[in-house]
Amino acid sequence: MFEPWSEFNVAMAGATAALAGLVIVAASVNIAEIVKSRTLTARLLAGIAALLLALAVSALGLVPEIDGAWFGALTIVAALLASAFQVHATLLIATDPNPEDRARTLKYAIGFLPIAAYLVAGILTWAGHPAGLYLAAAGCLLAIASAVVVSWVALVEVLR
C-alpha cells in the first residue's frame, strides 16, 4: 500500500524538515519584533507544527510494513496534536484587541486546511480506503503552503 509512495514520502520528509528548520532560524533574526505581537508568535508556532505534522506523516509512510490501520490512527493522533497549536492561534487572533489584527477568516483558516486533510486521510487510511494516501499527500502540500504564508507574514510583514 505504501511502497508506491516511498519516493514522495522521502522527498516530503526532507523538504518539510528543512523548511521547518529554516523558518525557526529565520524567525530568530526578527524575534524581537515577532514577540511583540501575541498573534504572530502563535501563528508561527502553528505553521511550524503543520510542517512537523507533514514530516511525521511522511516518516510514518516510510516505516517498513506499517499497515493502513496504524498509519491512519497515528496520522489522526498527529493531526490532533497539531490542531491544538492552530486552535490556540485562532483563539488569539479572534480575541486580539488590536482592530488591525482581529479575526480575519483567512488568517486562521489556512492553518486548518492541512490538519483537515490529514484527519480525513487518517480516517480513510484507517478504514482501508486508498484515497487516504492521496489526501495525506494533499495535506503535506497544504502544510508547506500554509507555513510559507504564515512565515512570510511573521518574517516580512512584521517589519513594515
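**Fold and cores**

Q: How much of the protein is buried?
A: Of its 160 residues, 43% count as buried, meaning under 20% relative accessible area with a 1.4 Å probe, protein chains only. This is a predicted model, in which local features need pLDDT of at least 70, side-chain atom pairs count only at pLDDT 80 or more, and totals for chains, interfaces and linings use all residues. Residues are numbered from 1 along each chain as its sequence is written, and side-chain values use heavy atoms, without hydrogens and water.

Q: How many helices and strands does the protein have?
A: There are six helices and zero strands, where helices are DSSP runs (H or I) of at least four residues and strands (E) of at least two, numbered from the N terminus.

Q: Which residues have the most contacts inside the largest nonpolar core?
A: They are Leu 53, Val 57, Phe 71 and Tyr 118, in a core of 21 residues. Such a core is a set of buried Ala, Val, Leu, Ile, Met, Phe, Trp, Tyr and Cys residues joined through side-chain atoms within 4.5 Å.

Q: And which helices supply it?
A: Helices H3 (38–60), H4 (68–94), H5 (105–126) and H6 (131–155) each supply at least two residues.

Q: What is Phe 71 in contact with?
A: Leaving aside neighbours within four places in sequence, its partners include Phe 2, Val 57, Ile 66 and Leu 133; contact means heavy atoms within 4.5 Å.

Q: What does the second core include?
A: That separate core of 11 residues includes Leu 40, Ile 48, Ala 147 and Leu 155.

Q: Changing topic, what box do the C-alpha atoms fill?
A: Roughly 50 × 25 × 20 Å, along the principal axes.

Terms used
Buried < 20%, exposed > 50% of the residue type's maximum accessible area, 1.4 Å probe, protein only.
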